[in-house]
There are 2 protein chains.
Amino acid sequence: MVPFSLSLHARDGDARAGVFSTPHGPIPTPAFAPVGTRATVKSVTPAQLNDIGASLLLANTYHLYLRPGDELIAEMGKLHTFMGWDGPILTDSGGFQVWSLGEINTVDDDGVTFQSHLDGSYHRFTPEQSIAIQQNLGADIIMCFDELADADDREYMRRALQRTHRWAERCRAAWDNPAEQALFGIVQGGIFDDLRRESAAALVAMDFPGYAVGGLSVGESKADMHRVLDTTLPLLPADKPRYLMGVGTLPDLVNGVMRGVDLFDCVLPTRVARHGQALTRLGRVNMRNAEHARSREPLDTACDCYACQHFTRGYIRHLIQAGEMLASTLLSIHNLRMLIRLTEDMRAAIRAGTFSDLAASILEPFGANQTL
Amino acid sequence: MVPFSLSLHARDGDARAGVFSTPHGPIPTPAFAPVGTRATVKSVTPAQLNDIGASLLLANTYHLYLRPGDELIAEMGKLHTFMGWDGPILTDSGGFQVWSLGEINTVDDDGVTFQSHLDGSYHRFTPEQSIAIQQNLGADIIMCFDELADADDREYMRRALQRTHRWAERCRAAWDNPAEQALFGIVQGGIFDDLRRESAAALVAMDFPGYAVGGLSVGESKADMHRVLDTTLPLLPADKPRYLMGVGTLPDLVNGVMRGVDLFDCVLPTRVARHGQALTRLGRVNMRNAEHARSREPLDTACDCYACQHFTRGYIRHLIQAGEMLASTLLSIHNLRMLIRLTEDMRAAIRAGTFSDLAASILEPFGANQTL
């Protein structure tokens, strides 16, 4: 397989099943990427990530630039060697942190000046700097440096979008190793269909090896999210992977795949695990509740993960009550496996032509508003 | 193999290599037991404990009685099922907590009244109660309820010792399932040779399936610890296992085996792991130190553990600096494997008749006072 080629094996409606090849191996799609912000998926080892079937991990440029530093990671053999994960890795560009840590950042047309959340020191990211850092990190998939904007400020959104497109051109120009790293463009435009169309057209004209849809799952309604996907995805080239950033939940994954998304990432499964919550096909379950104290059931009776094969709800509740780290590990393993198994099930259903039945059965318990 | 029989395969000086059989499988000796205070070895899964070669785990009666409660654990299928570990388990009696949480406990001839460290509620342990709790927990090896005493108060030590011997008789009388659980007597007597001799004689007369040496590694000098072992171990029956409680470090294990100890347990490897320290054959290394930031070496070049096979010191230092849980997991796996591999190496050396050479090479870097 040629690196960074997408082979589509089957379609079912707009849903697609295929394989995206990278220098560190194939990513069967649809795929869900666990998030390893600081070069570790919290409380889970790479061996455990292998066991749960992870085919792609995400790491964060902003966090790793600040600590331990991208130059140190380059010196240590880049990210795969550093974190002991030899499968595919994707790094974001730092653009999301520009937005989510906005109170300590200032944006101008050339880039972003920001204060470290660790020590208050000043730093500057430009598109060229983001690409240089991502080249030091050495992930298989790297992202254009972009700017999110508040979903309800249309005028700011339009200006930010134009800046994002100019930055995408600068990222593309700075990107000089297309055989080692694939640079994805990020479609922005908030919940405004015309801006999304404009953004998709601008980025597709730049001919990236893949495209992301950014700026969703940041507070907008599910109806808005779905409409933006319906507007945007048909404008992206069918032979390139489509990545829905920062999403999501079980129903979000189904709704994304249904509309043609290939890749997802989200901190949700590991974050809620650290708060004692298990993802199930019926929604989130708070394992802290006293009702689980004497339960000999696993977190999910249909799950094949290590946690569900070996431990009861009663034991996991005890670990949470006692403040034991193993609770986070077991719940993270389970929650990640739930989403990854869902992508495996969707992939099989697309190939069998039964995706709409599977989608209906997954979405049914979540009701009309499809929140988890 | 008949449960609770000790088969001795080789001797080298006073060092012994053998197998102690239990209903949940054999324990090759000498053996080091990781401590799972609250029915979990902190930050390590049972699968990882299997990988590092753990053959025996310890759990704490006092902690599990308070939370989640021994009756709940019995209802959930006892400790092996509850914590997902089907190998041998040992529970202590709660006696150590009587001593270490002494400011909230009062001891009388019948038992101990204590306040929970969790909620201040009042509870009472008697020898019979300790055995009943340990039967609910269902470990393979259970311990007599005993009383430690301050090492320098000889008069109190003598009175406590007599009480401990009466309690041992009461524990033995309450113990009614010798095919499922082996009850070990605990020799006490602090650093006083005559009291240790008196204690060994009293307990051996009661004919237990195994014997522990308690009250060591609580602040006495290494010379005192070694002298007490030299005094006590020859008085214990050669065909029964000998367990040195709460010990220890690499040199402690060598010094114990050299004198005829078969079993050890200690929180040290997992506790120092959570403080960022790695055990090595040259002593403890603080992985927080900046000198490790760019090190591509493993924690220990000779180690076969998962952490040393896959990760560098530089990466582990990054995890510690970033406050990532994976640091505790990787350091715990390494530190436990260091001690378990040492027991494996000692076992092989005893069988090969080369134990004294191995002991000398392990002890040499630690110098005369042999502290880690």
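**Close-up views of a predicted two-chain model**

**View 1. Two helices of chain B crossing.** Helix 6 of chain B makes a right-handed crossing as it passes helix 7 of chain B. This is a predicted model, so keep that in mind for every view here. Residues 127-137 form helix 6 of chain B and residues 154-174 form helix 7 of chain B; the pair packs at an angle of about 45 degrees, with the axes 8 Å apart.

View 2. From helix 6 of chain B come Pro127(B), Glu128(B), Ser130(B) and Ile131(B), and from helix 7 of chain B come Trp167(B), Arg170(B), Cys171(B) and Ala174(B). Sort these contact residues by type and you get five nonpolar, one polar and two charged.

**View 3. Helix 13 of chain B, tucked in.** Helix 13 of chain B covers residues 313-321, and eight of its nine residues are buried, so it is largely enclosed by the rest of the structure. The buried ones are Arg313(B), Gly314(B), Tyr315(B), Ile316(B), Arg317(B), His318(B), Leu319(B) and Ile320(B). What covers them? The cover includes helix 14 (325-352) of chain B and, from chain A, helix 4 (78-83). After helix 13 of chain B comes Gly323(B), with a positive phi near 70 degrees.

**View 4. The two chains together.** Turn chain B by 180 degrees, with a shift of 0.0 Å along the axis, and it lies on chain A with an RMSD of 0.0 Å. That's the relation of a two-fold axis. And 100% of chain B's interface residues are interface residues in chain A too, so the copies meet through the same surface.

How values were computed. Residues are numbered from 1 along each chain as its sequence is written. Chains are lettered from A and ligands numbered from 1 in the order in which they are written. This is a predicted model: local features need pLDDT of at least 70, side-chain atom pairs count only at pLDDT 80 or more; totals for chains, interfaces and linings use all residues. Copies are superposed by least squares on the C-alpha atoms of residues with pLDDT of at least 70 in both. Two residues are in contact if their C-beta atoms, placed from the backbone, lie within 7 Å. A residue is buried if 20 or more other C-beta atoms lie within 10 Å of its own, exposed if 12 or fewer, and partly exposed in between; C-beta atoms are placed from the backbone. Helices (H or I, at least four residues) and strands (E, at least two) are DSSP runs, numbered from the N terminus. Axes are lines fitted to C-alpha atoms, for helices over the stretch in contact, and angles run from 0 to 180 degrees between N-to-C directions. A crossing is left-handed if the near helix is turned anticlockwise from the far one by less than a right angle, and right-handed if clockwise. Ala, Val, Leu, Ile, Met, Phe, Trp, Tyr, Cys and Pro count as nonpolar, Asp, Glu, Lys and Arg as charged, and the others, Gly among them, as polar.
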